[in-house]
Each structure stands twice: as structure tokens, then as C-alpha cells.
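Biologist: I would like a close look at one part of this model. What surrounds the ligand, and how do the elements that line the ligand connect to their neighbours?

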Amino acid sequence: MTRDSAAPEVRVRDLTVVYKTPAGELPAVSGVSLTLTPGTITGVVGESGSGKSTLALSLLNAVQPPGRIAAGSVEIDGLGDVLHLGGEDLRRTRGRKVGYVFQAAQSSLNPLKTVGKQLLDLGRSHDVADLRALVADAKALLARMGLDGARVLDSHQHELSGGMRQRVGIMLALVLNAQVVVLDEPTTALDMITQATILRIIREVHEERALTTLVITHDVGAVAEVADDLAVMYGGRVVEHGPIAEVLGTPRHPYTQGLIRAIPRLSGDISLARALPGRPPTLGTLPVAGCVFRERCDKRMEICETVEPETVTYDGRTVACHAAGRPAPVKRREYA
Ligand SMILES: Nc1ncnc2c1ncn2[C@@H]1O[C@H](COP(=O)(O)OP(=O)(O)OP(=O)(O)O)[C@@H](O)[C@H]1O
């Protein structure tokens with residue numbers, strides 16, 4: 001595990017992001033606090049609609065209408081609270097300080113320009129002095145990901161397959177040497193073997209460049225291979241967060257337990273793999289009080305109906321569940 005002091009810490013605090021809907025503004029991310037330890041890769045998992053992409057966009061202050069960051073802060077060492085950045089400061093931060101591949105990256109390339117031209121535009125817009133070195137770095141990154149760099153840079157978007165575009169997206173996220181990198185579903189268009197290779201390369205580059213990285217994915221099995229820490233999201237909350245081996249090895253939240261049971265690769269026995277019953281909530285069906293997971297929870301108690309569980313940290317693990325239990329308080333011996 002790399003814990004390089006040069007890598008920045010990212011501190012998300014009490015972040016709430018709402019989307020305007022016909023039923024009013026509803027929260028997609030609710031009061032999330034999450035610290036990304038410098039030099040680590042944090043995986044974020046959770047079913048569709050749990051708020052993963054909205055959280056990722058918030059790290060770049062890039063939530064678009066009908067969305068709005070309603071509360072909270074995102075402090076990055078050396079940058080301050082990115083939610084207070086605007087205009088030119090924000091433009092300079094994105095890409096150069098915080099590299100990113102968004103889920104839509106596959107279609108975000110400009111169809112009219114070659115990848116190489118877009119790379120040069122990116123370099124110029126961030127005042128990169130040595131554009132030759134930038135191109136050489138881009139080619140080297142593409143080559144590591146199994147592509148012919150020169151050919152890709154000469155290509156237009158339509159000449160590239162989905163998997164190739166995805167790798168171009170990863171290259172663009174890394175090439176400006178940002179120290180915080182946010183990857184939202186970076187490998188979904190890739191087959192299993194290529195996916196594993198790309199994740200390994202992300203890990204290598206992460207270590208070489210002393211990054212702090214956030215990787216969002218549906219695939220708990222895939223992220224288990226690369227991440228140091230794991231954050232599990234449900235209904236706009238981070239319900240569990242901690243070192244990945246511990247979260248996967250001894251999950252404390254019933255949702256994490258259910259996610260793991262559903263994956264034969266992790267549960268160890270295909271005959272024991274069981275899909276999580278029910279469906280995740282949408283913005284409109286999220287319960288307004290109590291625990292957001294209770295409808296699907298096998299450990300549901302009376303208190304879960306009315307009281308939202310507090311997020312409690314112990315043994316380096318953060319869990320928000322009434323049933324997860326807490327360590328018994330250490331009794332202080334009273335001395336006379
Ligand atoms: N532009 C939007 N307008 C209205 N609601 C939105 C918008 N974008 C996202 N949402 C809602 O916010 C919630 C969180 O969405 P988000 O995309 O952040 O989740 P996710 O975990 O990344 O899901 P997925 O894995 O499907 O991308 C969902 O209920 C989604 O429908």
C-alpha cells in the first residue's frame with residue numbers, strides 16, 4: 001500500500017446533493033462524510049442509483065442542473081474547499097489537479113477532432129509548457145493499456161471501439177499529472193481480462209505517481225483487486241467504509257453482507273451465492289425517516305423504522321447501522 005506524503009488527502013464532509021424533480025428537490029447524496037487517505041485507492045460500490053456518480057461529480061464541483069450541491073464541503077490538500085472554487089480556478093483544477101473519467105467519457109470525446117488534437121487542446125488550456133513530453137506520456141500510457149498510441153492519437157472517436165475510448169478516457173485523466181484521480185466506471189466497456197489488466201495499470205500508475213484515487217464501480221469483485229479502501233453506498237449514504245480486506249472479509253453492514261453474498265467470486269461458493277432481494281430505492285421512493293435500507297434488511301429492528309442510524313467509527317471502520325453493534329464501552333476503573 002502506498003502512503004506517500006506527497007499525495008493529497010480528500011475530505012468530504014456532510015455533503016448533500018439534491019436533484020430537482022416534479023416532487024421537489026430530493027437528495028441523491030445525503031450528509032456523506034468520507035476521507036480519502038493520501039496515496040490510497042478507494043473503491044466506491046453500490047447498486048444503480050445509490051449516488052456514486054453524484055458523489056464523484058461533487059469532488060470536481062461538477063454537479064449540473066437539475067442537480068445542486070445543497071450542503072457540505074470537499075477539502076483537498078493544497079486546493080482548499082473545491083465547492084468554493086468557480087470560474088477559471090475551477091477550470092484549472094479539473095484535469096490538472098483532479099483528473100477524472102466520468103461515466104459518460106465514452107461519448108465525451110469531440111467527434112470532429114482527432115484524439116491527438118484534443119490532447120494538445122487539453123495541454124494548451126492548462127498551459128503545459130512541453131507539449132512534446134505530453135504527447136510522449138500519452139503514447140506511453142496508451143501503449144501500457146495495450147493500444148498503439150500513435151494510431152489512437154491520429155484517430156477520431158468513431159474509429160475507436162468502446163473499450164478503446166474508455167482507455168483514451170483513462171489516459172486523459174492521468175496525462176496532466178493530477179494528484180487526485182476520480183474514475184467513474186472506468187472499465188465497464190471492457191471484457192473481463194482487459195478490465196483486470198486496465199485496473200492493474202491504474203494501480204501501477206497510481207503508485208508511481210503518488211496519487212489519491214477514487215474508483216467507482218458496480219463490480220465489487222473487480223475493485224477488490226485494486227483498492228485499499230472500500231466505501232459502500234446505499235440510498236445516498238455511505239453505509240460502510242474501511243480497509244477493503246476488512247470490509248469484504250468481515251462486513252458489518254447488512255447491505256455490504258448482502259452485496260458480498262451475491263458474488264460467487266467473493267462468497268467462495270457458487271451454490272451459496274444469493275441475489276440481494278428487492279430493489280434499490282429511487283429518489284422518489286427513498287424513505288424520509290429511519291434507515292434507508294430497512295425494507296430489504298434481514299436484521300431490521302423497530303428503531304430502524306423511525307431513527308436514521310448514526311455513522312459510527314471503530315477499529316478504523318465506519319458503519320451506519322443500528323444492528324451492526326458497537327464495541328462495549330471500556331469501563332474506566334475508578335480510583336479513589
Ligand atoms: N440529472 C438528474 N436528474 C434527476 N435525478 C437524477 C439525475 N442524475 C441522477 N439522478 C438521481 O440521483 C440518484 C443517484 O444517481 P447517481 O447517478 O449518482 O447514482 P449511481 O450510484 O452513480 O448510479 P449508476 O451506477 O446507475 O450510475 C438516482 O436516483 C438518480 O436517478
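Modeller: Start with the residue classes. Ala, Val, Leu, Ile, Met, Phe, Trp, Tyr, Cys and Pro count as nonpolar, Asp, Glu, Lys and Arg as charged, and the others, Gly among them, as polar. On that basis, the shell around the ligand holds 12 polar, 4 nonpolar and 1 charged residues. Keep in mind that this is a predicted model.

The shell comprises 17 residues. Ala28, Ser48, Lys52, Ser53 and Thr54 are the closest to the ligand. Two elements, β1 (10–21) and α1 (52–58), each supply at least two residues of the shell. α1 gives the most, with 3 residues.

One is β2 (residues 24–36), antiparallel to β1 over 9 bridges. There, Val12 stands opposite Leu34. β1 and β2 make a hairpin, with 2 residues between the strands. The other is β4 (residues 67–76), also antiparallel to β1, over 8 bridges. In that pairing, Arg13 has Ser73 of β4 as its bridge partner. As background, strands of a sheet pair through backbone hydrogen bonds, either parallel or antiparallel.

Next, an open sheet. It has 8 strands with mixed pairing, in the order β6-β7-β8-β3-β9-β10-β12-β11. From one strand to the next, the twist averages 15°. Within this order, β9 (residues 229–234) and β10 (residues 237–243) run antiparallel, joined by 6 bridges. Tyr234 faces Arg237 of β10 as its opposite residue.

A helix covers one end of that order. α7 lies across β6 and β7 (180–184), at about 175° to β6. α7 (residues 162–174) also packs with α5 (residues 131–144). The angle between the two helices is about 135°, and their axes are 10 Å apart. Angles over 145 degrees would count as roughly antiparallel and 65 to 115 as roughly perpendicular, so α5 is oblique to α7. The crossing is right-handed. α5 brings Ala138, Leu141 and Leu142 to the contact, and α7 brings Arg167, Met171 and Leu174. By class, this contact has 5 nonpolar, no polar and 1 charged residues.

Note on methods: Residues are numbered from 1 along each chain as its sequence is written. This is a predicted model: local features need pLDDT of at least 70, side-chain atom pairs count only at pLDDT 80 or more; totals for chains, interfaces and linings use all residues. Axes are lines fitted to C-alpha atoms, for helices over the stretch in contact, and angles run from 0 to 180 degrees between N-to-C directions. Helices (H or I, at least four residues) and strands (E, at least two) are DSSP runs, numbered from the N terminus. Angles under 35 degrees count as roughly parallel, over 145 as roughly antiparallel, 65 to 115 as roughly perpendicular and the rest as oblique. A crossing is left-handed if the near helix is turned anticlockwise from the far one by less than a right angle, and right-handed if clockwise. Two residues are in contact if their C-beta atoms, placed from the backbone, lie within 7 Å. Two strands pair if DSSP finds at least two bridges between them. A residue is near a molecule or strand if its C-beta atom, placed from the backbone, lies within 6 Å of it.
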